[in-house]
Amino acid sequence: MTTSYKVMPGPEHFLPPSAASMGIRLPDPGQAHIHGTIVSEEEAMEQAARQFLSAKVPTIFPGPLVLWAWNDKAAKKAKAIRYLYETIKESVDSSQHAMLIPMPDYRPKYPKINPEIEINPNHPNLTIWHNKIDACMFVGVHCHQANLSLKIIRGGTNCYTIAMCAQAGHEDAMLSFRDATAEKILRLADWVKKLKGSVAPPA
Amino acid sequence: MSKERIKIAEELFDIMPAEYQDLVKRATYGNEQRGWKDIGNAKELIEEHSLCAGCPESMAFRYILASLPNPEDTVMVGSTGCTSLVFPHVAVHNIHSLFGNQNAIASGLKRALTVRFPDRPKDVVVLAGDGATVDIGLDMTLQAWFRQEKFTTICFDNELYANTGGQESGLMQKGFVAKMAPVGKTFEKVRLPEIARESGCHYVVNCTVSKPNLIEKVIKNAVHIAREIGPTYLQLYTPCILEIGKNSMEGLQEMRDSEKPTERFAYKEYVSEPAKELLAELAAKEKERKAEAKKQLAGQTA
């Protein structure tokens with residue numbers, strides 16, 4: 001199935017269609033997608049690094065799968081995420097503000113959450129709006145909750161979304177990796193380092 | 001899951017919200033002696049809640065969560081009502097069921113947990129309002145008891161449908177006039193504790209939540225008996241202060257007034273013979289543990 005639909009930063013509208021229903025398909029192993037177009041993983045790495053370096057508030061949202069030390073693999077990923085965050089922080093200029101905001105669990109925290117310190121999948125737009133986040137990466141979030149968040153973000157914000165998914169990837173992200181490992185996250189950090197100084201900061 | 005498994009990744013510990021750090025550092029998971037006296041000393045398993053100011057249900061939640069003997073291996077099943085506003089703030093696994101379905105969900109859950117974890121006690125505790133337990137879900141409530149499903153059912157009895165504006169419920173007292181029941185209830189309050197006993201529950205208590213030590217005792221008894229023997233039922237009076245025309249500060253007094261010997265929430269308890277034997281066994285073990293602790297303390301100070 002071919003489609004002219006592109007998964008672009010929003011706000012698309014209140015209830016954006018799921019990208020899968022618009023014909024966007026998931027990448028095969030070794031691939032990724034950018035705006036719904038299948039590309040090589042390296043191409044996506046470069047694009048993700050550029051997004052981080054050109055954003056005013058590049059942000060990583062680690063989810064429960066990496067925030068909690070379930071096993072050695074999770075702890076290793078947490079270490080890699082911290083390294084990626086520190087790398088982004090060192091690589092951006094003083095007008096940019098890198099953030100690392102956790103999604104500790106998926107409980108619908110009503111009546112409110114504190115958007116400065118956490119993100120909740122049931123109203124992720126609150127954290128995006130509050131911190132003026134314009135590029136973010138989800139990592140360690142269970143797929144169904146990531147899909148929910150990514151759609152809400154695309155519907156109501158202009159944030160560029162990246163998914164570092166440990167499974168098959170996310171159509172609803174503007175850029176999605178699949179089969180995430182600690183090594184893959186570190187490779188992305190290497191790309192950020194490599195492109196440091198070559199990407200224009202936001203105007 | 002043991003407390004040892006509930007660890008935050010070292011590299012991301014500092015970005016976790018304070019309540020999660022507290023839950024790992026100061027909560028009473030894994031502590032067999034946990035109880036209501038931990039409130040104020042340890043991290044509670046309930047964060048801020050969205051109930052009305054002074055709501056007795058919030059007191060009940062705090063006492064129950066402080067008293068669960070095995071919270072890391074407990075799953076609570078809730079239903080539609082004010083309780084469903086609280087469960088998102090509770091640090092115990094919980095499932096929201098369709099209105100009235102809670103005891104059916106809990107039956108399947110308990111059976112599945114028993115198959116999946118044959119060597120580890122997994123407790124299931126249903127917590128629902130009187131509408132879910134006695135009206136809409138009465139079929140599921142009774143059938144679970146008939147089948148001798150091994151879990152605890154707790155009914156927060158506020159004697160009406162509170163969060164939809166005060167409609168009549170089966171547990172409403174006769175003659176009571178509510179905002180949405182203007183002619184007054186025409187029949188008696190359903191006698192569910194008696195029905196529970198006749199339906200096969202091994203431990204049944206009817207009381208208010210005015211006394212935290214009492215709530216700790218009945219919760220522990222109910223969970224232990226359900227784990228080993230069969231269904232247990234607690235009917236706890238948690239008045240809706242808004243719907244009965246009281247102020248925020250008057251919930252506790254309302255409960256005290258309602259638990260007087262001639263009132264409808266005078267303490268009533270039923271314990272089956274096998275349950276009595278189990279409680280005696282548990283009491284003997286506890287006595288032994290205390291004697292041992294005393295001996296150790298004497299040894300340390302000598």
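Me: How many salt bridges does the rule find across the interface of domain 1 of chain B and domain 2 of chain B?
Reply: The model is predicted, with local features needing pLDDT of at least 70, side-chain atom pairs counting only at pLDDT 80 or more, and totals for chains, interfaces and linings using all residues. Residues are numbered from 1 along each chain as its sequence is written, chains are lettered from A and ligands numbered from 1 in the order in which they are written, and side-chain values use heavy atoms, without hydrogens and water. A salt bridge needs a side-chain nitrogen of Lys or Arg within 4 Å of a carboxyl oxygen of Asp or Glu. Across this interface of domain 1 and domain 2 of chain B, the number found is 0.

Me: How many residues does each domain of chain B give to their contact?
Reply: Contact means heavy atoms within 4.5 Å. Domain 1 of chain B gives 7 residues, and domain 2 of chain B gives 5 residues.

Me: How many residue pairs are in polar contact between chain A and chain B?
Reply: A polar contact is a pair of N or O atoms within 3.5 Å; within protein, one must be able to donate a hydrogen and the other to accept it, and residues adjacent in sequence count only if both atoms are side-chain atoms. With both residues at pLDDT 80 or more, the count between chain A and chain B is 8.

Me: Which element gives the most to the side of chain A that touches chain B?
Reply: Helices (H or I, at least four residues) and strands (E, at least two) are DSSP runs, numbered from the N terminus. Two elements of chain A give two or more residues to this side: α2 (64-67) and α3 (72-91). With 4 residues, the top contributor is α3(A).

Me: Which residue of chain B forms a salt bridge with R82(A)?
Reply: The rule finds 1 salt bridge across the interface of chain A and chain B. Its closest N and O atoms are 2.7 Å apart, and the partner of R82(A) is D14(B).

Me: What area is buried between chain A and chain B?
Reply: The contact takes 22 residues from chain A and 21 residues from chain B. W68(A), R82(A) and R107(A) supply 32% of the area that chain A buries there, more than any other three residues. Carbon and sulfur atoms give 63% of the total, which is about 1,900 Å².

Me: Is H35(A) buried or exposed?
Reply: H35(A) lies in the loop between β1 and β2 (37-40) of chain A, and its phi is near 55°, a positive value in a residue other than glycine. Buried means under 20% relative accessible area, exposed over 50%, and partly exposed in between (1.4 Å probe, protein chains only). At 17%, H35(A) therefore counts as buried.

Me: Is K132(A) buried or exposed?
Reply: K132(A) sits in the loop between α4 (124-131) and β5 (135-139) of chain A. K132(A) also has a positive phi, about 55°, although it is not a glycine. Its relative accessible area is 64%, so K132(A) is exposed.

Notes
Buried area is the accessible area (1.4 Å probe) that two parts lose on being put together, summed over both.
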